[in-house]
Amino acid sequence: MATTMMKPFLASLCLLGSLLHAFTQCTVTATEFQLDGDYLIGGLFDIHHASDPIQHDKPEAIECSTQLFILSSYRRFQLMRFSIEEINNSTNLLPNVSLGYEIFDHCSDTQNFPGILKLMSVNGLIQPWGTPYKNLSKMIGVVGPFSSTDGLTTAPLFMTDLIPVVSYGAAASAFTEKAKFPSFLRTANSNKNIIEVIVKILLHFNWRWVSFLTSDNDYGKDGLDLFRKRIKDTEICLAYAKGLNTNTNFFQMFKQIEAQRIRVIIVFSPKRTAEAVVESAIRLNITNKVWIAGDTWSLNKRLPKEKGIKNIGTVLGVSQSVVAIPGFNDFIYSVKSQNHCENAEQHMICNQVCNCSSLSAEDILALDPSFSFPVYSAVYAIAHALHNTLQCGVDKCNGNITVYPYMVLAELKKSNFTLLNRSIQFDENGDNKFGSISIVFWNHRGDAEEVGFYKFHPWVNFFINNTKIQWYTKGQVPTSLCSPECPVGYAKKQHGIHKCCFNCEICPNGSYVNSTEDPYKCIRCKETEWSAEASTSCTLRAVEYIPFTDRGAILIMVGAWALVGLTFATSVLFAINYNTPVVRSAGGPMCFLILGCLGLCCTSVFFHFGKPTVSFCILRFLPFLLFYTVCLACFVVRSFQIVCIFKIAAKFPKLHSWWMKYHSQWLVITVAFLTQALLLVIGYSLSPPKPYNETVWYPDKIILGCDFNLMAYSGPVILLLSLCSLCFIFSYMGKDLPKNYNEAKAITFCLLLLILTWIIFATVYMLYRGKYIQTLNALAVLSSLYSFLLWYFLPKCCIMIFQPHKNTQQYFQGLIQNYTKTISQ
């Protein structure tokens, strides 16, 4: 079993040994890639780039010098060399300590591992964990690599030994996962910051309908994913997204962009891919677009001067802040004058061949300066961490301290120093907390002119100078919308999968649209608010009710008090003339009951005014319904008695005698009263009246009233209608009685007025629900009371006061005898 376990282990050692052996066969000195020192910093720069995977049938490292040469990466490579030489030439940072470097041309993310293993090894051997270090490596950290894909493949190898890796360009958000990349830091801005600036530019210019072109690798996919997440809660829509590679059909791609009427194109890709996109746009005559460049190509020196570049539209971009590095130009002139690369035989070293003999200093210095300061600050960050690890003072460092990479890492995380007037710090994820991001515009002179900035530490500050941008539209900011913005007060009705594509619908009365919170919905106003059509907010409704101080209310209340006074005066007059024929024919003692109930009914009138309360709503109809029932019951009995005396008594004498014997009139009145009281108790128990806000009839008003359940109060109303109908029937039967003795006619006329009053009120109530409906209701109640008082009792009062000769026994007997003779004939 032990033999079985040893075989894979020995095979792995053999493979590792063969790789290291292949590497050590190429150890000829190359002064640009190597420098001895007390401590070494590794460097990974993609001076060459292997664009296509190379097929091979045995394990071998790729020969980078045969691949595409990247001049901008060579410039950054020289910047690392300059930074270390500058530190060595200064006595302030690392006195009596020299830094060296071991740099490799990292041109492939899959076939470049011998260089990585060399940086991790000591004398060609990688020491396993759990064994004492026989020889300590001088390597204290690594600067690089540049791309996110290279970082994702190489960084995990350094993470196992916690060797600090300070990248100057790897921007993918995956590196913030400290569980996977505990010793990874970066001095360049992450994709998250770059995407944030791009989105702020889109929002600033109100561009909602955009396309996103990205490289088909880890860097591009991460940028697209971040962009989608960032615009999720904005009005921006990603109309088109495309991952670019060597097989991309640019003609078909731009055709789809044109078909969707997209005016803003974001190109988030490495420099070479972006150049291919822009050159294709020029060749295919793609015009009238706004291009937003990522930080990898926004400071491109060649494209802004390309013939036809003005025809494609306006180019904006975000870039790493350009910081002039003092002394670098002199260093490049010095390097090129030494001409290290004349002898090709000297550079036969695995991935340490420069192929730079034909380059001039001017060629290097004229390049895009992007990512220069990130390289410079990465080297200085490691140097400052070593300074703190060695406990360096003004003139010396503590040489007795054994330096391990993890110790340098601990100090790196605590970095806080100033470099070229910039404070260098890292956050808990290893991302930089210094500098800012520039916003540039490709002007007509072919230069990338800075027109704005985005600062994210210690506070966020975003600014764009619109006046510096020369739009292809000749002054007006271009638009990029799927659908034009809706007019004020209109909500968006989305059609299709994109929220930016919509129709506009007007918000009706009682609703509004809040464009900042939810432009896709008409929000209903609260019951206490109202809005007109096409509103953006609601306003408070006017609360209306009839106060006691209202003129109409005062007149009606005066009328109610007048009725109370008249009923009292009539009662006194009837009491004085109690034994006269007029009083007896009017009902005798029943008259006082009717007059008292009319006075009690008046109390309902006063509760129709003022702000409604529960008690007001209860008393608004309770006295009227209860005591008016008694009044109607009295008139029913009275009208029946009149008909009985003159018509029924002769034909039905037994019925008449029974009625008179048992005083049935009081029994009917009592039963009607008790029945109505019971019905009211039941109705008020099931659904008691309560204050109610009328909000339907008037959108801008709240009418305060009382809520009555018609079903719960149907019993009392039906009883009143029944009594009214009986009274009308009996009184109508007596319409031909003697002229001066015609009580039935008076009752009939009173009932007609009563019915007409409530028909008028019901009609008005169906058409009008304003605050004055309470006044009309009180008026209807008062009119119902006055109809009996004025047309039944007033004529009798006039007889008693102004025609006393008609209030005699002889006069009434004469009328009855004449009527009897008329009937007999």
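Which backbone oxygen lies 2.7 Å from a polar atom of the side chain of Ser531? The views below begin with that residue, and every one of them is taken from a predicted model.

**View 1. Ser531 and its surroundings.** The answer to the opening question is the backbone oxygen of Ser511. Ser531 sits in the loop between strand S23 (529-530) and strand S24 (539-540). With a relative accessibility of 4%, Ser531 counts as buried. Leaving aside residues up to four places away in sequence, Ser531 touches Pro508, Asn509, Gly510, Ser511, Tyr512, Cys525, Ser537 and Cys538.

**View 2. The hairpin of S14 and S15.** Here you can follow strand S14 (residues 416-419) and strand S15 (residues 422-425), which run antiparallel and are joined by four bridges. In one of these pairings, Thr418 has Ser423 in S15 as its bridge partner. Two residues lie between the strands, and Leu420 takes a positive phi near 50°.

**View 3. The disulfide of Cys392 and Cys397.** A disulfide is a covalent bond between the sulfur atoms of two cysteines. The structure holds eight disulfides, and one of them joins Cys392 to Cys397, with 1.8 Å from S to S. The torsion about this S-S bond is about 105°, so the disulfide of Cys392 and Cys397 is right-handed. Cys392 is buried at 13% relative accessible area, and Cys397 is buried too, at 16%.

**View 4. The disulfide of Cys482 and Cys501.** In this link the S to S distance is 2.0 Å. The pair connects distant parts of the chain, 19 residues apart: Cys482 is in the loop between strand S18 (461-464) and strand S19 (490-494), and Cys501 is in the loop between S19 and strand S20 (502-506). Both Cys482 and Cys501 are buried.

**View 5. The disulfide of Cys617 and Cys706.** These two cysteines are joined with 2.0 Å from S to S. A torsion of about -80° about the S-S bond means that the disulfide of Cys617 and Cys706 is left-handed.

**View 6. Cys597 and Cys727.** Cys727 is in no disulfide either, and the nearest cysteine sulfur, in Cys724, lies 6.8 Å away. Cys597 is buried, at 5% relative accessible area, and Cys727 is buried at 0%.

How values were computed:
Residues are numbered from 1 along each chain as its sequence is written. This is a predicted model: local features need pLDDT of at least 70, side-chain atom pairs count only at pLDDT 80 or more; totals for chains, interfaces and linings use all residues. Side-chain values use heavy atoms; hydrogens and water are left out. Two strands pair if DSSP finds at least two bridges between them. Buried means under 20% relative accessible area, exposed over 50%, partly exposed in between (1.4 Å probe, protein chains only). A polar contact is a pair of N or O atoms within 3.5 Å; within protein, one must be able to donate a hydrogen and the other to accept it, and residues adjacent in sequence count only if both atoms are side-chain atoms. Contact means heavy atoms within 4.5 Å. A disulfide is a pair of cysteine sulfur atoms within 2.5 Å.
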